[in-house]
Amino acid sequence: MENNYTVLARKYRSQDFESLIGQDVLVKTLTTAINTGRIAHAYIFTGIRGTGKTSTARILAKALNCLSSDHATSKPCGVCENCRAIAAGQHIDVMEIDAASHTGVDNMREILDAALYRPTNARYKVYIIDEVHMLSASAFNALLKTLEEPPAHVIFILATTEIRKVPVTILSRCQRFDLARVPVETLKKHFAWVAEQEKIELSDGANELLARAADGSVRDGLSLLDQAIAQTGGHVDEGAVLDMLKRTDRGTVVNFMKTVLSGDVSVALNKLDEIYNNGADLTMLLNDMMEWTHWATRMYPSLRLTDATSSPYTADQRETIKQINETISLNTLSRIWQVMVAAVPELAASANQKQCFDMLIVRIMHIADMPSIPELLKQNSNEQPKPVTEKLITEKSKFIEINNSNELATALQNAREMLLYSYYSTNLEITEFENGKIKYFDRKGEKDFSQKLASWLKEKTGKVWTLEVIQDAPHQQTLSEHTKSEIESDPLVSSAMDLFEDAEIVNISK
């Protein structure tokens with residue numbers, strides 16, 4: 001049989017600390033620890049996919065068990081029996097366990113029982129548990145005690161992309177290392193080296209696109225490079241990568257954003273149709289538009305945040321962005337960004353992405369035309385104020401006139417202040433009511449009533465009232481009693497009362 005092809009991500013996997021790219025802090029810490037003999041019993045590596053978590057675990061296992069030295073070494077030879085077996089994943093004492101398929105407590109008990117026995121061919125028994133966050137709660141609990149105090153010959157190396165799902169009790173028993181996203185420039189150098197080893201022509205523009213599309217992941221970038229080589233036959237240029245990624249080149253994106261911000265909706269939608277018909281992926285186009293908005297904001301003159309040459313755009317494209325920035329405000333860029341961020345889940349959930357994107361463009365252009373908050377405030381401040389006399393007339397029209405006790409009762413009823421009205425009409429014997437002053441005897445003597453009534457009168461009449469409570473009862477009728485007397489003295493009511501024995505007026509309602 002012919003030998004199977006080995007993909008670039010596996011063929012160029014890091015085999016020692018020196019070839020581990022983009023993780024300088026991690027490499028320095030581990031090599032120093034190994035050289036000084038300060039080897040921990042448990043490590044946990046976390047980071048996005050493709051940054052070297054499993055590769056680092058294998059390199060560390062080789063460093064601990066390399067036969068080129070009689071003790072652990074930070075520079076494993078890579079050729080001894082142990083190094084070759086570990087690199088191939090076949091060493092009897094270095095066990096790689098996929099937590100996604102060994103999630104249960106029984107699986108963990110088997111591992112812990114085997115950990116009690118000394119290694120067969122190596123100095124250390126190394127357990128590499130990948131995607132450890134997939135373990136069940138029971139499995140984590142079973143691991144706790146052994147992870148804190150393992151046998152001297154056992155080293156645990158845990159790896160995960162979801163560090164937040166790992167219990168803090170596990171984290172506290174491990175040395176934690178966060179593997180960073182690999183910078184674009186570092187990825188470009190690595191991809192160029194791989195292309196040289198493979199005798200592949202890789203243009204700078206294509207290399208730039210692949211490095212940025214990798215999003216910090218070495219494995220993702222190498223997989224994309226592998227795909228580009230298969231597509232082009234070994235001559236990878238910018239056009240081929242753009243076609244593979246279904247991505248629009250940055251020059252087209254810059255010109256498209258210029259059209260969008262020009263304010264002509266029909267022209268912008270026609271331009272979008274052209275880009276879409278040329279095979280662009282709308283999700284990637286939205287990402288490119290967000291990238292443009294981000295860099296246009298950072299390049300805005302008033303911010304002075306960054307050197308424009310650090311952006312991924314050419315000199316001509318940067319000049320176009322500069323011209324666009326002269327016609328729009330920073331506030332507009334901020335609002336456009338918010339609309340784009342909100343559109344990401346909308347586009348993903350939409351059954352028709354083109355329709356969703358059309359409406360997004362209309363929304364962006366509408367947002368761009370809206371005045372900013374400072375402009376609205378300025379417009380409001382420029383409005384002519386109403387004349388003072390007009391203001392006074394308006395304010396006075398809000399108040400009512402109350403000249404006697406009956407008008408006060410009616411006003412309370414109209415305002416639906418039934419508690420005040422009931423107390424006022426039932427318990428107060430009024431001796432004086434004129435010029436904003438009420439003098440009365442309170443049969444119940446509620447302390448808060450005068451304060452509540454005075455406050456209500458001030459609100460409704462616009463002036464301060466004086467309420468004076470007298471201590472000696474004048475033995476006058478309350479408003480309810482007076483009203484009842486008037487009704488009883490009515491001839492018709494009196495005749496009606498005579499028809500019924502022991503008849504009386506119980507309640508009076510208006």
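What follows is a conversation about a predicted model, its sheets and a few of its residues.

Reader: Before we start, what should I know about the numbering and the model?
Author: Residues are numbered from 1 along each chain as its sequence is written, and side-chain values use heavy atoms, with hydrogens and water left out. Because this is a predicted model, local features need pLDDT of at least 70 and side-chain atom pairs count only at pLDDT 80 or more, while totals for chains, interfaces and linings use all residues.

Reader: OK, which strands make up the open sheet of five strands, and in what order?
Author: The order is S2-S3-S4-S1-S5, with parallel pairing; strands (E, at least two residues) and helices (H or I, at least four) are DSSP runs numbered from the N terminus, and two strands pair if DSSP finds at least two bridges between them. The edges are strand S2 (94-98) and strand S5 (175-178), each of which pairs on one side only. From one strand to the next, the twist averages 15°.

Reader: And how many bridges are there between S1 and S4?
Author: Strand S1 (residues 42-46) and strand S4 (residues 154-160) pair over five bridges in the parallel sense, and Ile44 stands opposite Leu158 in S4.

Reader: What holds strands together in general?
Author: Strands of a sheet pair through backbone hydrogen bonds, either parallel or antiparallel.

Reader: Then there's the open sheet of three strands; what is its order?
Author: That sheet runs S8-S9-S10 with mixed pairing, and its edge strands are strand S8 (428-434) and strand S10 (466-469). Its twist averages 20° from one strand to the next. S8 and strand S9 (residues 437-442) pair in the antiparallel sense over six bridges, and Asp442 in S9 is the bridge partner of Leu428.

Reader: Which strands does helix H21 touch?
Author: Helix H21 (residues 418-427) packs on the sheet and touches S8 and S9, where contact means heavy atoms within 4.5 Å. The direction of H21 makes about 95° with that of S8; axes are lines fitted to C-alpha atoms, for helices over the stretch in contact, and angles run from 0 to 180 degrees between N-to-C directions. Helix H22 (residues 449-461) also packs on the sheet, touching S8, S9 and S10, and its direction makes about 160° with that of S10.

Reader: Which residues of H21 are buried?
Author: They are Leu420, Tyr421, Tyr423, Tyr424, Ser425 and Asn427, with buried meaning under 20% relative accessible area, exposed over 50%, and partly exposed in between (1.4 Å probe, protein chains only). These buried residues pack against helix H20 (405-414), S8, S9, H22 and helix H23 (479-488).

Reader: Switching topic, where is Met257, and why does it count as buried?
Author: Met257 is placed in helix H12 (residues 250-260), and it counts as buried because its relative accessible area is 0%. Leaving aside residues up to four places away in sequence, Met257 touches Met289, Trp292, Thr293 and Met340. Met257 and Ile361 are 104 residues apart in sequence, yet their C-alpha atoms are 9.9 Å apart in space.

Reader: And Gln317, is that buried or exposed?
Author: Gln317, which lies in helix H15 (residues 315-325), is buried, with a relative accessible area of 15%. Not counting residues up to four places away in sequence, Gln317 touches Arg250, Gly251 and Val254.

Reader: Last one: how does Val265 count, buried or partly exposed?
Author: Val265, in helix H13 (residues 265-277), counts as partly exposed because its relative accessibility is 34%.
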